[in-house]
Amino acid sequence: MGTFIIKKTNTGFNFRLEASNKQMICMSQVYSSLSACKAGIESIRKNCGAKIEDQTLKSFETLTNPKYELYVDKANEYRFRLKASNGENILASHGYASKSGCKNGIDSIARNAPDADVIKEE
């Protein structure tokens, strides 16, 4: 089971999702308030089982939100972002060297986020 760890920043709050082995799976944007940060966590829990729109394919099917968008960035690394049902980005990944690694990152969120504990770093 994973853990969402909320941290205060100079301009608000953000969180990271860690797997049970303490490896970071993803990190959020900065939210202006603690309540907005917690709402972001709940949005990830709600949408983490979304389908994957694989934009690396020449001809891909455009899916409705919520969805993961899997794509290749300017540095030729694989990345994904999770979009909520309203189309808002709620999560973006770091770069992966391989498509399979990127898909493993998505799978890790789907496995760890639903039942993850939430703690606030002091």
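Select Asn76 to begin: Asn76 sits in the loop between strand 5 and strand 6. Helices (H or I, at least four residues) and strands (E, at least two) are DSSP runs, numbered from the N terminus.

This is a predicted model, where local features need pLDDT of at least 70, side-chain atom pairs count only at pLDDT 80 or more, and totals for chains, interfaces and linings use all residues. Residues are numbered from 1 along each chain as its sequence is written, and side-chain values use heavy atoms, with hydrogens and water left out.

Stay on Asn76. Its phi is near 65°, a positive value in a residue other than glycine. Asn76 is exposed, with a relative accessible area of 60%. Exposed means over 50% relative accessible area, buried under 20%, and partly exposed in between (1.4 Å probe, protein chains only).

Next, select Lys22. Find it in the loop between strand 2 and strand 3 (24-27). Phi of Lys22 is near 75°, a positive value in a residue other than glycine. Lys22 counts as exposed because its relative accessibility is 60%.

Now go to Pro66. Look in the loop between strand 4 (51-54) and strand 5 (67-72). The peptide bond from Asn65 to Pro66 is cis, with omega near 0°.

Last stop: select residues 34-47, which form helix 1. Helix 1 has 14 residues and reaches 20 Å from its first C-alpha to its last, close to the 20 Å expected at 1.5 Å a residue. The expected span is 1.5 Å times one less than the number of residues.

Which residues of helix 1 are buried? They are Cys37, Gly40, Ile41, Ser43, Ile44, Arg45 and Asn47. The elements that these buried residues pack against include strand 1 (3-8), strand 6 (78-83) and helix 2 (99-112).

How values were computed: Contact means heavy atoms within 4.5 Å.
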